[in-house]
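The sequence and structure are shown below.

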Amino acid sequence: MNQEIISRQELSRWLESLLPAHTIIAPVHREDRDAFAIIGSAGEVAWDAGRTANPAKEFFFPASETIVRWRTGPAGLQVEAPLATRPQVLFGARPCDGMALDVLDRLLLADPADPYYRARRAATTVVAWACGGEGPGAGPFEGCFCETVGGGPADRRFVDVLLTRYGDDYAVDAVTEKGRQLLSGAKTEPRELPALTPRDTPELPMPPPAAWRAQFDAAFWTELAQRCLGCRTCTYDCPVCYCFDARDRALPDGTIERLRCWDSCQGMQCFAIAGGHNPRPTQASRQRQRYMHKFLYYPEREGVALCVGCGRCVVDCPVNIDIREVIAAIAAAERVPA
Amino acid sequence: MNDNPFLPALARLAEIRDLATGIKLFRCEFIDKGAELHYRPGQFGFLSAIGVGESPFGLAVSAARSGGLAEFAVQRIGTVTDALHELQPGDLVGVRGPMGNCFPMDQLKGDRRIIILGGGIGLAPLRPVIQEILDHRDEYGPLELFCAARSPELLVFREEFAEWGAAPRTTMHVTVDKGNEGWTGQVGLITQVLAQVAPSPGNAVAITCGPPIMIKFVLKELDRLGFAPEQVIMTLESKMKCGLGKCGRCNVGDQYICQDGPVFRYDQVREFLEAF
Amino acid sequence: MIENFEPRIVGFLCNWCSYAGADLAGTSRLSYPPNIRIVRVPCSGRVDPLFVMRALRDGADGVLVLGCHPGDCHYSDGNYHARRRFAIMHELLSFVGYEPERVRVDWVSASEGARFSRVVSEFTEKVRSLGPVRRLGAQAATAPAQAAALRPAATSAGQGGGPGQTAQLRELAARLLAEGQAGVVLGWEKGSVRERPLFASTAEQASRLVVPQEPGASLNLATYLHHLHGKKAALVVKPADARAVNVLIKEGQLKREDVVLIGLGGEAGRGPLPASEPSPASEPSPASAYDFVLGEPPVLSDAFVTAPLLDEVEGWPVAQRAAFWDAQFNKCERCYACRQACPMCYCAECLSEQLNPAWQSIAIEAPEQAFFHVMRAYHLAGRCTGCNACSNACPEGIPLYLLNQKVAREVARFFGPDGLKGTGYQAGLSADVALPFTVFTKDELAGGHA
């Protein structure tokens with residue numbers, strides 16, 4: 001197959017040329033893990049990185065963000081709603097990271113759009129690494145199941161450029177005009193490349209929303225939640241979990257900021273109203289909320305599951321609550337109606 | 001006008017009225033007239049105590065009578081409402097809105113008999129409905145109002161009861177669970193009074209709002225009186241952080257209170273996947 | 001030193017002695033630097049280390065806590081408690097990168113106007129020489145690479161009994177359930193990516209129990225004891241977990257008869273034995289520790305294995321420690337996995353999430369993570385039994401156990417096995433040992449703490 005290829009050396013040079021005008025996010029190696037981070041030089045890129053420990057979410061929807069700022073100055077009260085405008089390149093994302101953006105777009109860009117997310121989204125070009133190339137970091141990674149939610153290791157639908165690794169070179173697929181523009185400063189050359197063997201991942205079919213609805217009152221949720229600690233790891237490591245909290249804080253100089261921060265359906269107080277009423281008082285009801293949000297409510301309202309099959313929650317949950325097992329349990333219940 | 005739905009419009013507190021013990025009415029005058037809300041009865045907004053946070057409250061006056069001001073009835077119960085209750089007239093607040101769906105006023109028109117049951121601060125979101133009916137009296141049928149509270153000092157909008165009761169084809173029933181010295185009115189639970197009055201369900205619609213426990217028993221009584229679930233409308237609340245369907249948490253099952261509600265018919269509520 | 005640096009000092013003064021002493025300094029026209037902002041409290045025992053941490057977090061360059069002289073407390077013993085608390089808090093603050101001289105606890109009586117003036121002057125000059133207080137999170141970029149790995153070593157003796165004991169465990173669990181001795185057996189099963197907790201309440205579930213082989217992934221099942229709603233539970237425990245149960249008993253969270261403890265022995269061997277049977281182990285376990293043991297009864301002490309990393313970090317200059325912890329805490333997402341995994345964190349509302357008063361904002365950024373972790377480590381003083389569940393649960397690999405080890409080391413340095421004066425205190429060796437912050441002796445920790 002004839003493709004345009006770019007060498008790693010050239011990619012590094014190209015990234016360096018982008019750095020002055022762009023914030024570049026790429027996988028780096030930190031301590032004992034790979035993680036997305038803002039890089040200061042192309043030398044920091046961890047080319048052999050596997051799936052990053054953190055999703056790319058924080059660069060579009062930060063863990064903490066000031067959405068309004070009230071300042072009293074000599075001209076009176078000034079109100080700002082700061083929007084990020086610096087061009088960003090998300091380099092070394094995986095197809096699931098791209099799909100995550102499409103999933104979030106459907107809600108956060110729908111009218112009335114979230115202007116903070118929209119600004120970052122518009123400012124970002126996504127240059128992804130396909131899974132399944134030749135070389136370290138090809139994947140699949142422990143816990144991955146992107147095919148179940150309609151994704152795939154070479155899914156090019158939601159990225160601007162898709163790079164497929166062949167050793168130290170990368171086949172370049174400039175998917176969008178935005179991607180082509182960004183690549184205009186990079187040198188590629190044509191080469192004949194072999195087709196890659198498609199990977200063999202275990203099949204895990206996704207039950208339709210109706211199957212999830214049918215299990216809403218099953219005892220399964222109580223059993224599942226027994227070992228759940230009620231931490232927030234799964235929701236914070238998820239590329240598409242977006243629930244947020246908002247509170248004001250006053251700074252010592254009198255400035256007031258409205259903070260928007262990640263929140264989690266697994267926290268005990270997430271749904272509690274002032275005055276004490278809590279409609280989801282048990283961990284079981286909160287665990288159920290997580291899965292129903294992902295596989296019933298979001299598909300019914302936005303057309304896609306609130307999950308990209310990245311597998312981070314699978315490996316990070318301290319008590320090994322495995323979303324794949326939940327999906328399989330619902331599928332099994334569907335086959336054997338109660 | 002701004003296209004950032006998270007940015008509150010600034011408003012000055014034109015008036016803070018004591019409605020009841022621990023409950024105040026905040027009348028907010030927008031600094032930029034262009035930010036005034038255009039809303040229907042049943043919709044809600046977010047009121048910011050700048051420096052602490054914001055919370056959702058029903059818009060408590062009909063648009064026609066609002067004079068462009070946003071009115072919220074606020075019970076002192078948490079950190080944001082604590083901060084609001086400490087404010088003085090003239091202070092600056094933030095307002096976002098309107099949000100949510102509205103009461104189906106068109107379906108109430110004609111000769112349908114309308115029964116409105118408000119408990120405690122739950123009367124506040126019903127007030128725009130009452131006012132709209134009174135301001136277009138000929139377009140609506142007979143109106144039976146039940147206004148209740150745990151005790152006389154918790155009755156809200158008492159000073160307006162006279163106007164409401166005096167309107168044509170309108171009957172007022174005011175009751176408290178427990179009277180006090182000086183209370184000469186009716187004493188009894190709203191459900192007891194409802195049972196006594198026993199409005200006929202024929203061509204009627206009932207609208208209720210109040211504490212969950214009150215709603216539960218009112219629904220039971222209405223059912224006993226023969227009201228079909230499709231004839232009963234209620235307005236619900238839940239924890240909200242945006243009002244725009246983006247913060248992910250206000251849902252009861254697959255129903256998002258800020259998008260699909262807060263106004264629901266009882267037959268819809270009965271289908272809810274979870275308890276609210 | 002920065003030109004024209006005027007340190008901001010926060011002083012917590014007890015109403016009866018030190019505040020009166022300050023008043024006397026004023027009426028006697030004794031001068032002292034104006035840098036100090038005084039907060040009057042009823043007693044030095046009222047000063048929660050939380051206040052000190054918050055002051056430092058918010059930019060106080062120095063914090064002074066003054067109370068009555070020990071023995072003269074208006075409320076009899078408030079300052080004895082304060083003395084203990086700050087002995088520990090002081091070491092913890094130093095460990096996470098605050099110069100120890102920034103926090104001073106001292107005693108000033110109502111008649112000591114001159115002493116007050118001198119203490120404040122000395123302290124202000126000392127803090128001035130230190131320069132502005134660090135901004136939490138700011139030094140992350142200069143964090144040192146550390147020689148030892150960040151992950152904790154296997155923590156306790158007796159961890160990882162052999163697979164041969166698995167059959168014994170399953171049999172025991174089935175028997176306990178069948179005989180009604182327990183409504184649920186909390187143990188471990190093989191999961192999809194690691195061993196995970198199993199709540200076995202049926203024979204089928206009991207047949208899935210395994211003896212855990214993965215020390216690094218291990219949690220402390222005692223954390224679930226608060227959620228059992230009256231069901232009697234049998235727990236599969238490592239020594240550190242059994243000690244945690246002892247602390248919970250001492251704190252009144254459960255009674256010994258509410259739980260059946262199945263101890264994991266160090267080697268494949270005989271068992272399960274009722275713990276009353278003597279064993280040839282060199283240090284017999286107290287009978288109260290276990291109801292059943294698989295293999296050789298493990299010793300309960302030495303739960304805190306000395307990690308090379310703790311010694312290394314302790315040896316660094318304070319600025320290097322500050323950078324190290326800045327880098328580590330910056331990784332924190334406030335997911336609270338550490339807190340949720342910890343059996344000792346059972347507050348209905350954590351200080352980190354409380355809104356009224358709001359000790360910290362909801363922001364997931366510096367300085368909030370550091371504030372939470374320092375306060376959590378302080379609140380575990382004398383209570384943490386070194387199970388490492390917190391570090392194992394942390395998805396970011398933050399070496400939280402270092403904080404707990406450090407605090408435990410200081411508690412052992414100051415307090416004896418009975419919780420009173422001496423050395424060698426270890427949490428949870430029995431359910432009867434007094435918790436260090438609930439007791440004191442009058443002549444310990446002499447000399448204030450500067």
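How many of the 15 residues of H13(C) are buried? H13(C) is mostly covered, with 12 of its 15 residues buried, where buried means under 20% relative accessible area with a 1.4 Å probe and protein chains only. Helices are DSSP runs of H or I with at least four residues, numbered from the N terminus.

The model is predicted, so local features need pLDDT of at least 70 and side-chain atom pairs count only at pLDDT 80 or more, whereas totals for chains, interfaces and linings use all residues. Residues are numbered from 1 along each chain as its sequence is written, chains are lettered from A and ligands numbered from 1 in the order in which they are written, and side-chain values use heavy atoms, with hydrogens and water left out.

**Helix H13 and Glu410**

Among the buried residues of H13(C) are Leu400(C), Tyr401(C), Lys406(C), Glu410(C) and Phe414(C). The elements that cover the buried residues include H3 (78–95), H8 (308–315), H9 (318–330) and H11 (368–379) of chain C. The 15 residues of H13(C), at 1.5 Å a residue, should span 21 Å, the expected span being 1.5 Å times one less than the number of residues. The end C-alpha atoms of H13(C) are 22 Å apart, which agrees.

Glu410(C) lies in H13 (residues 400–414) of chain C and has a relative accessible area of 4%, which means that Glu410(C) is buried. Not counting residues up to four places away in sequence, Glu410(C) touches Ile88(C), Glu91(C) and Glu314(C); contact means heavy atoms within 4.5 Å. The side chain of Glu410(C) also makes a polar contact with that of Lys406(C) at 2.7 Å. Such a contact is a pair of N or O atoms within 3.5 Å; within protein, one must be able to donate a hydrogen and the other to accept it, and residues adjacent in sequence count only if both atoms are side-chain atoms.

Axes are lines fitted to C-alpha atoms, for helices over the stretch in contact, and angles run from 0 to 180 degrees between N-to-C directions.

| Pair | Axis separation | Angle |
|---|---|---|
| H2(C) and H3(C) | within 10 Å | roughly 30 degrees |
| H2(C) and H11(C) | 11 Å | about 160 degrees |

H2(C) is therefore roughly antiparallel to H11(C), and H2(C) and H3(C) are roughly parallel to each other; the cut-offs are over 145 degrees for roughly antiparallel and under 35 degrees for roughly parallel. Residues of H2(C) that meet H3(C) include Val52(C) and Leu56(C), and their partners include Phe86(C) and Met89(C).

Conventions:
Helices (H or I, at least four residues) and strands (E, at least two) are DSSP runs, numbered from the N terminus. Buried means under 20% relative accessible area, exposed over 50%, partly exposed in between (1.4 Å probe, protein chains only). Angles under 35 degrees count as roughly parallel, over 145 as roughly antiparallel, 65 to 115 as roughly perpendicular and the rest as oblique.
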